[in-house]
Structure formats: structure tokens, C-alpha cells
Number of protein chains: 2
Amino acid sequence: MSFETLYADRTRAIKHSDVARIFAIIEKGDVISLAGGLPDPNLLYVTEIQEVAAKVLREIPEQALQYCPTPGLTQFREFVAQRAGERSVLAGVENTIITGGALQAFDYLCRLLLEPGDEVITEAPTYLAIIHTVKTYSGYTTGVPMDEHGMRTDLLAQILSDRREAGKMPKFIYVIPNFHNPTGLTLAAERRSELVRLGAEYGVPIIEDDAYGELQLEGEPQPLLKSLDETGGVIFLGTFSKIFCPGVRLGWMIAEPELVQKMILVKQANDQCPNSMGQKMIQEFGEKGLLAKQIIKIRHGLGRRRLVMQEALQKFFPPGTQWTNPQGGYFTWATLPGAVDTEELLPTAVDQWRAAYVPGCCFFPDRSGPNTLRLSYSLATEEAIQEGISRLGEMFGNHLAQVG
Amino acid sequence: MSFETLYADRTRAIKHSDVARIFAIIEKGDVISLAGGLPDPNLLYVTEIQEVAAKVLREIPEQALQYCPTPGLTQFREFVAQRAGERSVLAGVENTIITGGALQAFDYLCRLLLEPGDEVITEAPTYLAIIHTVKTYSGYTTGVPMDEHGMRTDLLAQILSDRREAGKMPKFIYVIPNFHNPTGLTLAAERRSELVRLGAEYGVPIIEDDAYGELQLEGEPQPLLKSLDETGGVIFLGTFSKIFCPGVRLGWMIAEPELVQKMILVKQANDQCPNSMGQKMIQEFGEKGLLAKQIIKIRHGLGRRRLVMQEALQKFFPPGTQWTNPQGGYFTWATLPGAVDTEELLPTAVDQWRAAYVPGCCFFPDRSGPNTLRLSYSLATEEAIQEGISRLGEMFGNHLAQVG
């Protein structure tokens, strides 16, 4: 039986993605990968994670092994809401739903909100999974350019004003204000207030993805958009993948109770409930103070690698290259001078130079930015980062010398 | 900000469900619940589960705590495919995707296949989450009546013929051939062949949900529909919730590679990948022979409870009541004589008699079957089953005496 004629329209629009193709190129042995956004298990308190796993299975197997309520265990929702409270987000259990990661919450929001042809506003560049997810609902993504202070809210204001005039508003705005994926940039304080104000003025919800927010490596934390929200228009997403581990698939949404109730109905239709064992493990880990300790350990490790990468970029990348100086998170974003197509060069980088990155065009809704690339310092060792940047710098330098 | 005006059409159609309302009635303390379809942690090898958790976290934390490929760990997909092979389903890694339970696979299939207004054929009654999930895609469910041999394939043939004449085929057929939820019935062998033949003849895929198939309590196993499938039209879904535990949220789909590839794209957009730690735990558990041992323990426990329930129904339920004699799984289905509305009586059952069931109407697309109910023997102890059935029998008896 061929399924080709049976697919829904939304499905025909999603083909085997470029991203899958690129990751197939990257995933070869003996390559220094600065591509993926994976956390480093060496920065986790593995022994202590073993201990909490043993404890919850010993003491409360009837909860850890069982189904839990669709929005998550009530105690765990409290735990998540309380952690948000420590960052000035006022939330209770009724505002909180546990999901299989922040992306799952985003997907559920698309399912609740998007009609075919709806527009979603993001930063340009943005997290590549977001572009893909919106497409699977037959929506489309418009990117707002960024500068060193994050999304250009003046340009956003112009877009919103244009859309009001045209009579069709974007369905929502998706942003990563802290240590943005892929650029590592932080949205400036005054732009945060302006963004929240614009969302409220135009009646457009703002989805704040804070995947990296607790991994501040230098400078002072900026306020969460959700902490500035007076109308309920900001939807706060987070994940335990970067502060506990991705293996248990747990994240959350904090939003208006009305939206939480709707999302429960979607989650009931999808996977019924989040991983109980993981929730119990994280709560135990948190209550022992280990989550806070682990975050410090991760920050310390990332902080050193970030420095190594900055120094290596300075030393090895061609003169005229620009790169961001992230205050936290996993990523640096580089812009090469002159005529370079980082997507075209990727196979050479992997096959001949044994080093990998993600071409910048993957992160732009319109696949622009041919001379940009994302470099991750989350998983590779300090030595590997230095060696990888050195190889890539030489490759790009050679290439520019040839084309220049 | 009110989201009411922002929701997609599909979202407006899903209101706070009756099911949620019913479970809110049921979930009171000090009630003997024969309602939920929860496994009993007392029938699990909890110590051994602790041991495999400790082992995978000690030996391979870099895999157990990390993201895994979207379709699951390759070794685990092999493990699942091989287990299907033991039941005469020929499948390899390319046919297999790991999901967050069988329902998640079903939801992804709806997302891939359903357009608004599409029809899905199910047994009547059917698993209530299926009715809900189809609704969230603005589809609708048509139920085919069952008798003691399962779905009436003669009636299905008539429906398919009618639809062909009308020029719009159902998008797929969803069935639970083994120890059906909610009736406990098993689809007869000759109807299995006929069902697979009809699907192929009319070009309508068949989704086979085998959630309970490995929990055979008496009699001989019938062939899986997938093992009879020669055209690739049968999509086989399974779950580890009933044979390992639900807490880790793991299930699978086995189908044509083309469909697996499409589902990978949807899973990338939803939760990226399944729980790595759970996959590693189950594989370790399986390779030690513990999964097979645990299935035997679960069968033994369920077998005794099933008998207790059958005897209690005989002893305590009003004369003229009919009930199914399940050969496996979790559920018995009772049909009361005369004018009883089991939904209307549920609050009385819970508040006055301290015993709970699920009203049969929840499982019918058209909410028919007022005098039917589902009784689960999966979680309650033998004593509780006997006492619960005794209380419910007395209540229904009193009610029938009054209205009769």
C-alpha cells in the first residue's frame, strides 16, 4: 500500500529535511563536532543521579513507575512553579504543565493556535526546530533581524504595524531572550520591556523559550519576559535537558491557567502524561540541593570552553571574521568576510578537515546568511575546541584566499 | 490577554472532556476503583528494575542521560523489531520507530493522515482516547458493532462498500484485536484475515493497537494482523506500559519504512526523541530475561484477579446481566438488563457505595450503551475486586428493583 495519496496536506509539505541531511554529513566518526547542541554528561553529577534513581525506585516505585496526571505530578508542578518564582515569575500549579521538553510545549502551542497559512514571528536566525515545527502545521515563519542586543524591536514594531494595517496579525512571537540559539546573544533589558509592551498592545502572545537561561557564564541576569508580563500574554517555556539531562525528556510551560487547561487536552491526545520516574528523580535531586550544585558545575565547565573558543577564533579564524561573545549558553555565531558558502563547504570540512559546524542558513526562515555558522562549545573538550577551530579557521582562510 | 479568539478551529472543537469530568468523580480517596486502566506496580520486579537503572547509569551514563536519535536508539529499535519477529512480524530497524507510548504513535499518525472532516473507523465501543485524539484533528469516528468474536467484519465490509459508492473512503481503521479495551474481547482468527483483506481491497490502512496482546491469560494467541499483512497496509502499535511500566513512556510503531520516515519528521517537530534512560533500562531488563519473567508474573496476577471478578459478577450482579469473558488484558465489559444509565449512577456509586467503574457510553463515538460499563481488574487486589463488585451489584440490583 502506498501512503502517498493518503497523507494530509500538512504532511506533503514536510519533506526529508535539509537538517537531517546536514546531520547525516556531520555524524561521522573521528570528527571534531562543534555542531550539535548536546550537553556534556561529564559535567553532570552522575553518581548522584544514580543515587536519586535508586532512591525513588526503592521508596516510591508505585509513583515512579506508574502513569501520572496529564499535566504532571502536582508536587513536581509546584517544584517547577517555585523555581520560576525564584526568577520573579509568579506562578502556581494552575499555571504550570510538564511536557516532554520545551519543544514539545511549543509543538502543542502550534497545535492549539496555528491555522494553515498563519504567520509566526521569530528572531532571524532562530532555533531550527521551530521553523520545522511551524511548517508541519502549514504555518510560516518571518524572521526579525538581530543586532548585538538581540531582536531589533524597532523592526518588530514596524512589522506588527504593517500587519495590523493589512488586517492579519501574526499568531504569536517566538523568542529566545537568553543566550539565544544559534547566536548566543542576550536580549537587552530595554528591548525586553518593549517586546512585552508590543505583544500586549497588538494582542499577540509571546513565547519565551528559556532553554539556556540558567546557564549564565558572565554578566548579570536580565529579567525574564514572563516576569514583566502584566496581561498574561507571555508564555514561558523551559527544559531540564540543559540543567539535569536530556535523557528523561522533561520541560515545562508556565502560562495562563486557561492555556494550561487547553494544553492538557492536547497532551491527553498525544502521550497522556510526562515521564513519572524522571519527575521524581529531578525533584529529589533538586530538594537535595544537587540541581543548584550541578548548574554551577555546568556553568564552570561551559565558561572555560567558551573562553577557549573565543581565544581560538581570535587566533585561527580569518581576519575580518566577526563572532558573538555569548554571556551564557552553548553557542557562538560567526560571520565570515567575503564570498563563503558555509553549507557548500560543510562536506569538505567533515571529510577533509574532520571538523563540523552547522551552516548558518539552517537557522534562517529564508535560508539566508551563507557566510555564517554556529559553533557549539557544549560537548567538545577544551583541546578539541581549540583543534576544531584551528582546522576550520585554516579551511576558511584557504578558501577565502582562493576566491578572494 | 484572552486566547479565545486566537485558537485554531480544531482547538475550539475540544472542550473540557466528559472523560476528565468522570475521572474527577472517580478520583476520591477511600473508593474501590475498578475504573482506571493502570498496571499494578506490585506485579513488577521492582528490585530488578532498580538494578537495571543503576547499571545503565553506572556503565553508560553518556547514552542513558543524553538525547538519542529521533526514532530511538538503533539497538533498541532492533530489540523491538526482534520481539515482533517472535510473533511472526517480519520487521527491521527501518520499520521501527520508538514513541512515547502507543497513543503517541496514534496521534502522530492522525497528524500525518487526517484532514478536517476525515472519517476514522473503530470498533464500537473503542479506547476512549482514540475518539478524543481524532477530534483534536477535526476528524470523526464511526464505530462498527462488535459481538463475542470482536468487530463485525461483515458490517465493516458494508460500510466500506457504501463509502466507496459515496466516493469518500475512511482514512484508516483502528482496531484492538487482542483483549480489546474496553470489552476484553478477542478478534476471531477468520475475522483477522477478513479485516486485513478488506483493508487491502479498499486501500484503507489498518492501525493494530496491541497494547494488551502479550497479556494472554488463557487460550491460544491469535495471529497479529501485521503478521498476516502482505501489502504493508497494517500499522502495528505497541507499548511497554503494560509489560515493563508506564512511568518511562515508551512504545513503538512497526510499519512501512516510508511511514516511519514521515513519522520521524513529526517526532522531530514534537519532542525530538524518546526517553533514552528508559530504552536502555528496558533493553537491559529484556536481555537479562527479566521482561519475559515479569510478563509471566503479571499474567499470573491478572489471571487470578480476572477469575475473582468473573465469580463476583456471577454472585453479585443482577440476574440478566451479561459480561465478557476476556482471555487476556485488563478489562471486563458488563451489560445490565433494563433501564439503567451507568453514567447517571456513577456519582451515587462513588459517593454512597465507594466503588467506581467507567460508564460504557464514554467508549462509544455516539455515546450510546447507557446500560454498559467497563470493569478493570488490573490494579485492585482480589479482595477489593470482590468487595467492589459486591457493592456495585447491590447498587444496580436496588436500582433495577426500583425502576422495574
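Visitor: What makes α6 (residues 102–113) and α11 (residues 257–270) of chain B a pair, and at what angle do their axes cross?

Guide: Their axes come within 10 Å and cross at roughly 105°. Axes here are lines fitted to C-alpha atoms, for helices over the stretch in contact, with angles from 0 to 180 degrees between N-to-C directions. The helices themselves are DSSP runs (H or I, at least four residues), numbered from the N terminus.

Visitor: Why are α6(B) and α11(B) called roughly perpendicular?

Guide: Angles of 65 to 115 degrees count as roughly perpendicular, under 35 as roughly parallel, over 145 as roughly antiparallel, and the rest as oblique. The crossing is at roughly 105°, and therefore α6(B) and α11(B) are roughly perpendicular to each other.

Visitor: Which residues make that contact?

Guide: Tyr108(B), Arg111(B) and Leu112(B) come from α6(B), and Lys262(B), Met263(B), Val266(B) and Lys267(B) from α11(B). Being in contact is defined by C-beta atoms, placed from the backbone, that lie within 7 Å. By class, the contact has four nonpolar, no polar and three charged residues. Ala, Val, Leu, Ile, Met, Phe, Trp, Tyr, Cys and Pro count as nonpolar, Asp, Glu, Lys and Arg as charged, and the others, Gly among them, as polar.

Visitor: How should I read these names and values?

Guide: This is a predicted model, where local features need pLDDT of at least 70 and side-chain atom pairs count only at pLDDT 80 or more, while totals for chains, interfaces and linings use all residues. Residues are numbered from 1 along each chain as its sequence is written, and chains are lettered from A and ligands numbered from 1 in the order in which they are written.

Visitor: How do you know that the chains are related by a two-fold axis?

Guide: Chain A can be laid on chain B by a turn of 180° and a shift of 0.0 Å along the axis, with an RMSD of 0.0 Å. That is the relation of a two-fold axis. The superposition is by least squares on the C-alpha atoms of residues with pLDDT of at least 70 in both copies.

Visitor: Why say that the copies meet through the same surface?

Guide: Because 100% of the interface residues of chain A are also interface residues in chain B. The contact takes 64 residues from chain A and 65 from chain B. On the side of chain A, the largest share, nine residues, comes from α11(A).

How values were computed. Two residues are in contact if their C-beta atoms, placed from the backbone, lie within 7 Å. Helices (H or I, at least four residues) and strands (E, at least two) are DSSP runs, numbered from the N terminus.
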